[in-house]
Amino acid sequence: MNAQSWTHHREAGTPLAIRTIVLITQACGYYAGYALLYPTCLYFMLFRTHSVRASRHFLARVLGRPPAFREIFRHHLTFASCTLDRVRLARRPDDVTVRLHGREAIESSHGGGRGCLLFGAHLGSFEVLRALAPRYDLRVKALMYRGNAGTINGMTQRLDPGAEDMLIEIGRPDTLLRVKEALDAGETVGILADRVIDADKSIEVQFVGGPVRLPSGPFLLAMLLKAPIVLGFGICRAPSEYDVYFEVLADLPAVLDEADTQLKALAQRYADRVAHYAREMPYNWFNFYDYWHNAA
């Protein structure tokens with residue numbers, strides 16, 4: 001499977017399974033729903049073997065040895081736990097414990113009433129970053145590709161109808177304009193910049209010991225709009241318990257003038273920081289496909 005093929009694979013879990021777990025969580029409490037994640041993860045490890053292969057490949061890279069079965073299971077369980085927490089964040093966000101690190105990074109990037117770009121990755125939970133925003137008087141919109149995540153997103157929108165207003169869809173004619181309007185209004189625009197949608201619009205970088213391709217669009221967008229970039233990761237430490245990390249990636253008016261050099265340097269800097277967090281918290285890495293194969 002190459003790195004583009006993730007767009008052809010729908011999220012793990014059937015609509016019926018997801019709705020069943022959500023209904024049980026609502027009726028019987030969070031930990032009743034969480035208990036169901038154990039047999040669910042075991043089922044998908046037995047019958048969705050591509051995610052097991054991807055997990056094994058990634059964990060071997062970051063651990064420096066072949067992972068044990070329990071480590072691959074923990075990897076899948078952490079992903080399932082973050083998915084279930086989206087329900088809790090939509091309904092009862094105060095029940096989720098969040099510890100914030102680097103608040104000054106995002107506050108300093110909102111200079112002159114203008115917003116910033118918040119770059120994340122499929123590392124931990126981006127939903128917890130959005131849920132955290134109102135506590136710190138931040139307005140966050142998410143720029144996202146929605147082609148293969150209909151079940152989870154549809155469930156979240158039913159639980160929190162206002163979430164739809166906070167989304168900007170990638171690939172629409174007015175996408176760039178909506179991002180610019182959000183930044184000019186002092187809002188934060190979140191982007192997960194670690195998955196390639198179009199192979200012709202990508203750039204090669206080094207990541208965890210090998211070459212991968214990243215989408216060039218997020219970095220070109222930042223360069224075009226001269227927007228400061230903050231990195232943000234919501235790392236799951238335990239069920240409904242997160243550490244949120246912010247750090248400044250770039251203040252674009254101050255970096256290189258040469259566009260190609262700037263693009264390459266910016267993408268590599270992003271990859272290096274994502275690699276740092278992925279090595280520190282490997283079970284939060286949620287790209288369950290062959291992330292390195294496409295660079296051949």
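Contact is taken here as heavy atoms within 4.5 Å. The model is predicted, so that local features need pLDDT of at least 70 and side-chain atom pairs count only at pLDDT 80 or more, whereas totals for chains, interfaces and linings use all residues. Residues are numbered from 1 along each chain as its sequence is written, and side-chain values use heavy atoms, with hydrogens and water left out.

Lys141 lies in strand E3 (residues 140-144). Helices (H or I, at least four residues) and strands (E, at least two) are DSSP runs, numbered from the N terminus. Beyond its neighbours within four places in sequence, Lys141 is in contact with Asp165, Met166, Ile168, Ala182, Glu187, Thr188, Val189 and Gly190. The relative accessible area of Lys141 is 18%, and the residue therefore counts as buried. Buried means under 20% relative accessible area, exposed over 50%, and partly exposed in between (1.4 Å probe, protein chains only).

One of these contacts is charged. Lys141 and Glu187 form a salt bridge through their side chains, at 3.6 Å from N to O. The pair links distant parts of the chain: Lys141 is in strand E3, Glu187 is in the loop between helix H8 (175-184) and E5, and 46 residues separate them. Both Lys141 and Glu187 are buried. A salt bridge requires a side-chain nitrogen of Lys or Arg within 4 Å of a carboxyl oxygen of Asp or Glu. By this rule, the count is 14 salt bridges.

Another of them joins Glu127 to Arg86, with the closest N and O atoms 3.6 Å apart. This pair also links distant parts of the chain: Glu127 belongs to helix H6 (residues 127-132) and Arg86 to helix H4 (residues 69-91), 41 residues apart. Glu127 and Arg86 are both buried.

Lys180 and Asp184 meet in a salt bridge at 2.8 Å, N to O. They are 4 residues apart in helix H8, so about one helical turn separates them. Lys180 is partly exposed, at 39% relative accessibility. Asp184 is partly exposed as well, at 42%. Elsewhere, salt bridges that share partners join Arg99, Arg237, Glu241 and Asp243 into one network.

Strand E2 (residues 116-120) is mostly covered, with 5 of its 5 residues buried. In a regular strand the side chains alternate between the two faces of the sheet. Cys116, Leu118 and Gly120 point one way from E2, Leu117 and Phe119 point the other way, and all are buried. The relative accessibility of Cys116 is 0%. E2 runs parallel to strand E5 (residues 188-192), and 5 bridges join them. Strands are paired if DSSP finds at least two bridges between them. Leu118 has Gly190 as its bridge partner in E5. E2 also pairs with strand E8 (residues 229-238), in the parallel sense, over 3 bridges. There, Phe119 stands opposite Leu231.

Cys82 is in no disulfide, and its nearest cysteine sulfur, that of Cys236, is 4.1 Å away. Cys82 is buried, at 5% relative accessibility.

On the surface, Leu42, Tyr43, Leu46, Phe47 and Phe69 form a nonpolar patch, with about 570 Å² of accessible area together. Patches are made of residues with over 30% relative accessible area and no salt bridge; like charges are joined within 9 Å, and nonpolar side chains (Val, Leu, Ile, Met, Phe, Trp, Tyr) within 5 Å. Accessible areas come from the Shrake-Rupley method with a 1.4 Å probe, and for residues only the protein chains shown count as cover. Helix H2 (residues 30-47) gives the most to this patch, with 4 residues. Tyr43 is located in helix H2 and is partly exposed, at 45% relative accessibility.

Definitions and conventions: Disulfide = S-S within 2.5 Å.
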